[in-house]
Amino acid sequence: MLAGSYDSIMIPVLSRFKLVSGRLRGLRLIHTHPKGDKLDHDDMADLALLRLDSVTACIMNNKGYPLFLDTAYILPPENDASQSEFGYLEDSDPYNQKTDYPLFIEALDDEIQRKTKQMHISKDGEYAVLTGVFKSKEECDINLDELEELARSAGVNIIARVPQVKKEIHPKYVAGPGKLREAVIKALITGAEYIIFDNSLSPSQSRAVSEFTELKILDRTQLILDIFARRAKSNECKIRVELAQLKYILPRLGAKDDSLSRLTGGIGGRGPGETKLEIDKRRINDRIAFLNDKLKKAEQARDIQRARREKNSIPVVSIIGYTNAGKSTLLNSLTKSDVYADNLLFATLDTSSKRIRFPKERDVIVTDTVGFIRDLPANLAGAFKSTLEELYNADMFLHVVDISDKHFKKHIKSVEKVLEEMDLQEKERIIVFNKIDKLIDEKLDEIRKEYSDAVYISAFKRASFDDMLNKIGYYFFKEGIEGFND
């Protein structure tokens with residue numbers, strides 16, 4: 001029994017009643033409305049956000065006797081977006097209830113569980129709702145498409161999008177409270193475990209959002225960190241990823257952050273994240289210093305290899321481009337190697353260098369680099385700074401572009417922006433449009449007219465490399481590549 005004021009009632013923390021995805025909580029809220037109002041917006045928000053079995057407003061007369069009941073409950077999820085989220089009991093007479101309430105709620109809970117499972121049955125893994133604040137509809141579509149691809153690379157299935165187009169972000173919740181409530185309700189109704197923000201959350205924003213909902217909260221930085229933790233293979237790359245994770249965690253240890261504790265062992269919680277709440281700032285700083293020392297030794301070994309290449313005067317070509325443009329696949333086809341490649345963002349993080357031999361026994365070193373991405377978080381950019389510094393030793397760039405991506409022009413600009421920031425924009429560069437087999441001829445011809453100096457390939461077909469190899473050959477050796485593919 002809870003006592004409230006004339007216009008509100010404070011519901012306590014319900015941690016004793018665990019929230020299970022796709023199920024009701026097992027609690028019913030019945031409260032009086034002395035003013036005679038029916039269920040209001042706050043009542044419906046409590047019903048959805050707390051995942052209650054039902055909410056009932058008991059409307060009273062001026063003598064304090066109940067007049068009628070207004071009861072709402074959550075409907076089972078449907079694929080139809082226009083479907084209402086709530087249903088209402090027909091029983092309104094407080095003295096003559098015809099509904100067998102326990103039996104009704106049991107059946108409702110079973111139906112919600114069944115339909116939630118149906119929505120998830122075709123895919124394994126965890127489910128999430130995407131949200132974020134964007135300045136325009138175009139920016140919203142582009143960024144959420146990419147965020148969905150990042151989520152897919154992390155093994156997360158996206159079940160809904162709840163974006164907000166607004167000039168300024170909310171200082172506390174990033175998205176406005178109303179939009180955040182909408183995202184949480186959508187996640188609860190569809191059985192999603194996560195809400196993923198395209199925006200990077202500050203420590204205070206992360207804590208505020210975690211206090212708003214019991215769902216797991218991720219931002220774009222955490223998602224990328226999780227992908228990096230999955231993909232890192234070499235010792236040096238693992239060190240860089242752990243450094244980035246620790247630097248992300250450090251400012252979030254000032255106060256207990258439920259948004260971090262909920263992620264233990266899941267998406268965004270790999271690597272050192274499993275003990276993040278137990279490690280204090282001193283121990284993290286000690287670990288960072290230790291890893292920095294190990295990283296310096298790894299970089300010294302790589303510097304020796306680089307100096308050996310320079311001594312032999314072997315030209316270096318670096319393959320650059322937006323993540324998932326097909327850089328590793330191109331390297332494999334060019335050099336007949338087996339570097340890991342997949343249709344995922346950041347499928348490979350480790351720098352790979354292979355040698356190709358041109359006619360007359362002349363060699364070229366081809367280096368694959370970590371993929372670029374828009375607005376790479378500062379701590380991640382810093383972690384891979386020395387990897388990107390490999391670009392300074394390149395004599396030429398092959399800028400690989402996924403021509404089948406509808407946002408490829410934006411991707412080109414993102415890569416050029418990074419090169420400009422690194423003062424590398426003057427270095428010799430060949431734009432290589434990949435995946436031409438995915439376009440119809442009319443569209444391909446249109447792009448050829450706009451980018452007449454580029455070369456057009458399918459990274460799986462060596463026969464399509466002639467133009468690209470001729471340009472490389474003429475730049476370094478002043479002749480083409482006759483007989484290269486023989």
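The legends below describe close-up views of a predicted model. Local features need pLDDT of at least 70 and side-chain atom pairs count only at pLDDT 80 or more, while totals for chains, interfaces and linings use all residues. Residues are numbered from 1 along each chain as its sequence is written, and side-chain values use heavy atoms, with hydrogens and water left out.

View 1. Helix α1 spans residues 41–49; helices (H or I, at least four residues) and strands (E, at least two) are DSSP runs, numbered from the N terminus. Asp43, Met44, Ala45, Leu47, Ala48 and Leu49 of this helix are buried, where buried means under 20% relative accessible area, exposed over 50% and partly exposed in between (1.4 Å probe, protein chains only). The strands β1 (28–33), β2 (54–60), β3 (66–74) and β4 (86–88), together with helices α4 (177–190) and α5 (203–212), pack against the buried residues of α1; contact means heavy atoms within 4.5 Å. At the start of the helix, the backbone nitrogen of Asp42 has a side-chain oxygen of Asp40 within 3.2 Å. Arg51, with a positive phi near 55°, follows α1.

View 2. Seven of the seven residues of β12 (396–402) are buried. One side carries Met396, Leu398, Val400 and Asp402, the other Phe397, His399 and Val401. In a regular strand the side chains alternate between the two faces of the sheet. Strand β9 (residues 316–321) pairs with β12 in the parallel sense over five bridges; pairing requires at least two bridges found by DSSP. Ser318 has Phe397 as its bridge partner in β12. Strand β13 (residues 429–434) is also parallel to β12, over six bridges, and Asn434 in β13 is the bridge partner of Asp402. Helix α13 (residues 408–421) lies on the path from β12 to β13, a right-handed β-α-β crossover: with the strands pointing away from the viewer, the path from the first strand over the helix to the second runs clockwise.

**View 3. Salt bridge between Glu214 and Arg25.** The N to O distance in this salt bridge is 2.6 Å; the criterion is a side-chain nitrogen of Lys or Arg within 4 Å of a carboxyl oxygen of Asp or Glu. Glu214 sits in the loop between α5 and β8 (216–219) and Arg25 in the segment before β1, 189 residues apart. Glu214 is partly exposed at 39% relative accessible area, whereas Arg25 is buried at 6%.

**View 4. Salt bridge between Arg287 and Glu242.** The N to O distance here is 2.8 Å. Arg287 belongs to helix α9 (residues 281–311) and Glu242 to helix α7 (residues 235–249).

Notes
A polar contact is a pair of N or O atoms within 3.5 Å; within protein, one must be able to donate a hydrogen and the other to accept it, and residues adjacent in sequence count only if both atoms are side-chain atoms.
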